[in-house]
Amino acid sequence: MSRERAGRAIGLALVLAAAITHAQSADGTTPTPNAIATPGAATGELSGIVLERGTARPLGGVTVTMTDVARVARTDDDGRFRFIGAPVGRHTLTLAGPELDDVAVDEEVAGGRHREVRYLVTTRAPSDRYQSVVRAPRIERAGVVETGVGREEARHVAGAADDPLKVVEDLPGVARATVGSGALIIWGAAPADSRVVVDGVEIPALYHVGGWRSTIHGDLVSRVSLSPGGFGAEWGRALGGLVRVETTAEPERGVHGSVALDLLDASALLSATLGARVTLTVAGRYSWLDRLATAVVHGDAAAFVPLPRWDDYQLRATVRLRAREQLTLTLLAADDSLRRATAAADPAQAHRESFDRSTWRAIVRYSADRDGSAVELTPWFGYDDTRTDQRFGPTPARLAVTSVLAGLRATYRRRLARALILSVGLDLLDTHAHISRLGSLTIPAREGDPFVFGQPPGDDVAAADDRLHLLDAAPFASLDVRLGPVTITPGLRVDALLVEGDHRLPAPASAPATGFSRLGWSIDPRLAIRAQAHRRLLLTAAAGLYHQPPDPADLGARFGNPTLGPARALVVTAGGEVRLTAPLTAEANVYYRQLDDLVARNALPSPPVAAALVQDGSGRSYGAQLLVRLQAWHGLSGWLSYTTGRSERQDHPTSATRLSDYDQTHILTVVAGYELRRWQFGLRLRYATGFPRTPVTGAYFDARDNRFDPLFGDVGSIRIPDFVQLDLHLERAFVWTRATLRIYLDLQNVTYQQNPEEIVYRADYSQRGYLTGLPTLAVLGAKVQF
């Protein structure tokens with residue numbers, strides 16, 4: 001078995017675990033011993049969570065000081081903090097933050113043990129009479145429908161394999177993608193219609209090729225949030241959802257790091273303070289899945305699931321300038337490579353494929369919070385290079401896209417009055433793209449194309465080489481107006497899009513090219529409403545217009561259409577969140593998304609010159625989602641999410657309405673974790689409706705090419721069978737003087753469910769079958785933190 005074919009099969013190495021919490025004591029703390037004791041150890045580990053009393057709201061930004069030894073930690077957005085290598089003995093911890101008066105509590109650290117505490121604290125009520133300093137309002141949620149998960153909770157979720165960003169696949173509104181694809185399908189939108197941003201900067205992919213790992217080291221992540229639709233005016237260029245990754249603040253003193261390895265890859269991170277104001281962090285990851293998986297992956301999975309090779313690395317320097325003012329320089333880079341081939345007795349039926357992708361982002365971020373205002377200024381530069389090379393027998397299909405990018409995100413947020421918060425900013429993206437393409441007009445397949453897995457393309461080979469320039473400048477503004485328990489947020493985003501290209505029409509190599517240039521405008525009003533109907537009930541609603549610029553690869557004169565403009569979406573959402581008990585919440589939302597000006601293939605048998613694609617498609621997505629979430633309670637935590645929806649497309653005004661290729665009627669995910677002293681247990685159960693496919697109703701023999709070609713039925717009229725899978729996780733922690741070792745075992749697909757992932761046919765299309773996904777897999781991993 002080739003390395004490429006073996007690969008697809010270990011995919012998504014699942015790691016389940018449990019979030020943590022413990023029985024509450026009378027003083028509001030919850031101590032729970034964890035890990036194995038080491039006799040005579042001089043240090044132990046102390047971690048915990050800070051919550052608001054009465055609401056159990058996590059409090060971020062709280063400074064936790066171990067006063068007698070001058071150790072300092074700061075809570076993340078989930079209210080969590082941690083001391084590694086704390087001296088044995090009794091210590092006084094002081095909690096201080098902008099929302100609470102200083103709180104002091106005594107805690108005992110045992111040698112070689114991990115102690116988890118839980119603090120319920122009373123926050124200060126705002127006081128106009130004595131308030132002399134106006135604090136800057138924090139830049140918070142992207143939209144009224146948003147699900148966020150902190151790093152520590154996310155990395156222990158089933159399937160995460162200590163990778164907190166893998167949790168996005170288990171959030172409400174996200175479809176279960178085909179194994180090995182790594183695609184994000186949010187509320188029925190195509191993967192290319194959603195955006196992933198890291199500290200406000202867009203990156204091309206959240207996951208490496210195959211979806212096995214994210215492209216950012218997990219220890220650099222503070223929190224990941226998903227807004228499937230209805231996000232505010234500060235975000236744009238997307239018809240679908242928005243995934244926001246927030247990086248963590250580095251420790252302000254000492255040297256910290258981690259080393260991890262498992263069946264998928266090895267990773268490491270090192271962070272050190274240089275003086276009183278500078279912290280330097282370096283991290284990296286390198287895969288070996290493609291070399292190890294060949295021993296355990298067999299059958300359909302070996303031929304279907306991609307087995308790529310990847311690496312990523314990050315470098316970050318943080319300079320603390322003054323109080324609440326800092327400068328951060330970040331480098332994010334990732335590489336992917338995939339090779340696979342399908343042999344055949346007839347060389348004309350052989351299929352070879354290679355894929356390579358390299359990306360990097362250089363980001364400078366300045367933030368300041370003082371005098372009642374908050375400022376963020378983020379200039380950045382980037383480079384993306386993606387190359388796909390396929391060969392179906394003698395027919396080639398190549399696509400190379402190289403992009404040089406520059407961007408700027410600037411945000412200013414100020415409290416004008418007690419009930420008014422103004423946000424203004426600029427979101428700028430400049431893209432210079434070089435697209436080189438050779439092959440059939442039908443490769444790669446577009447959404448809605450009737451196709452059969454492994455079907456060779458036609459012999460209509462063409463070639464093109466285009467250079468394009470897209471400049472999108474988008475000023476935006478929003479105003480939070482608080483009227484008692486109701487907050488109304490109107491917003492406006494205006495995108496000015498300049499598109500330039502060197503080919504208005506296809507031209508022979510010997511003829512001079514005629515370019516084009518045009519400027520267009522998109523105006524996107526947005527509105528969000530939040531109403532605190534009861535102390536336990538929050539009602540929300542949002543509506544707005546969204547525009548997405550055309551893909552540069554679609555603007556070529558030979559394979560696309562240089563006149564394409566932005567696609568448009570109207571999004572309306574409404575819902576509510578109720579806190580049933582302190583740790584238990586339920587959230588329900590309904591949504592409707594109307595799509596216009598979608599790009600589709602020209603329906604004419606012989607399209608006009610420079611009109612292989614047209615922009616008269618439309619569509620809609622609608623549905624509802626439910627999230628029931630249990631925060632850590634007596635060692636038990638988790639959530640249940642259910643999404644039901646429908647996604648439809650109409651390629652042309654005279655075409656029939658059909659199901660989108662990304663339609664999934666039902667998506668159910670159950671995530672649970674339990675911690676018992678030294679052990680953590682977890683499970684994940686997933687159920688999803690299969691994607692639509694176009695059936696083959698017959699075939700005819702092509703004597704020239706000596707092969708059978710299919711005859712298709714109605715587009716999207718059958719489905720891949722439903723997907724069901726159960727995964728389990730077991731983990732144990734060991735704590736020593738200055739380090740913590742965690743060893744985990746993941747069992748994926750424990751019931752050996754043979755889930756169909758794609759429909760296949762015999763060479764003459766007389767019989768239909770299925771390619772099945774991953775078998776039962778056991779993944780052993782270990783991580784040392786110090």
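This report walks through the predicted model shown above, from the whole chain down to single residues.

**Ground rules.** This is a predicted model: local features need pLDDT of at least 70, side-chain atom pairs count only at pLDDT 80 or more, and totals for chains, interfaces and linings use all residues. Residues are numbered from 1 along each chain as its sequence is written, and side-chain values use heavy atoms, with hydrogens and water left out.

**The whole chain.** The protein chain holds four helices and 42 strands. Both are DSSP runs numbered from the N terminus: helices are H or I with at least four residues, strands are E with at least two. The chain has 786 residues, and 53% of them are buried. Buried means under 20% relative accessible area, exposed means over 50%, and partly exposed is in between (1.4 Å probe, protein chains only). A contact means heavy atoms within 4.5 Å. Of the contacts with a separation of 6 or more, 67% join residues 24 or more positions apart.

**The cores.** A nonpolar core is a set of buried Ala, Val, Leu, Ile, Met, Phe, Trp, Tyr and Cys residues joined through side-chain atoms within 4.5 Å. The largest one has 33 residues, and L206 and V243 touch the most other members. Strand 10 (195-198), strand 11 (201-203), strand 12 (221-227) and strand 13 (242-247) each give two or more residues to this core. Strand 12 gives the largest share, three residues. Why does this core lie between domain 2 (133-245) and domain 3 (246-785)? Both domains give residues to this core, so it lies between them. The domain bounds come from an automatic or database domain assignment. Leaving aside neighbours within four places in sequence, L206 is in contact with residues including L165, V196, R213 and V243. A second, separate core has 18 residues, among them V62, A86, L95 and V117.

**Charged pairs.** Side chains of opposite charge can pair when their charged atoms come close. A salt bridge is a side-chain nitrogen of Lys or Arg within 4 Å of a carboxyl oxygen of Asp or Glu. The whole structure has 44 salt bridges.

| Pair | Closest N to O |
|---|---|
| R237 and D472 | 2.9 Å |
| R620 and E648 | 2.7 Å |

R237 and D472 are both buried. D427 is buried at 6% relative accessible area, and R409 is buried at 10%. In the last pair, R620 is partly exposed at 33%, while E648 is buried at 8%. Salt bridges also link R151, E152, R155, D162, D219 and K783 in a network.

R437, in strand 22 (residues 420-440), is buried yet has no salt bridge. Its nearest side chain of opposite charge, D554, is 5.5 Å away. Here Lys and Arg count as positive and Asp and Glu as negative; His and the chain ends are not counted.

**Backbone angles.** Most residues other than glycine have a negative phi. D162 has a positive phi of about 65°. D162 sits in the loop between helix 2 (151-155) and strand 10. Y752 also has a positive phi, near 55°. Y752 lies in the loop between strand 39 (740-748) and strand 40 (756-761). At 48% relative accessibility, Y752 is partly exposed.
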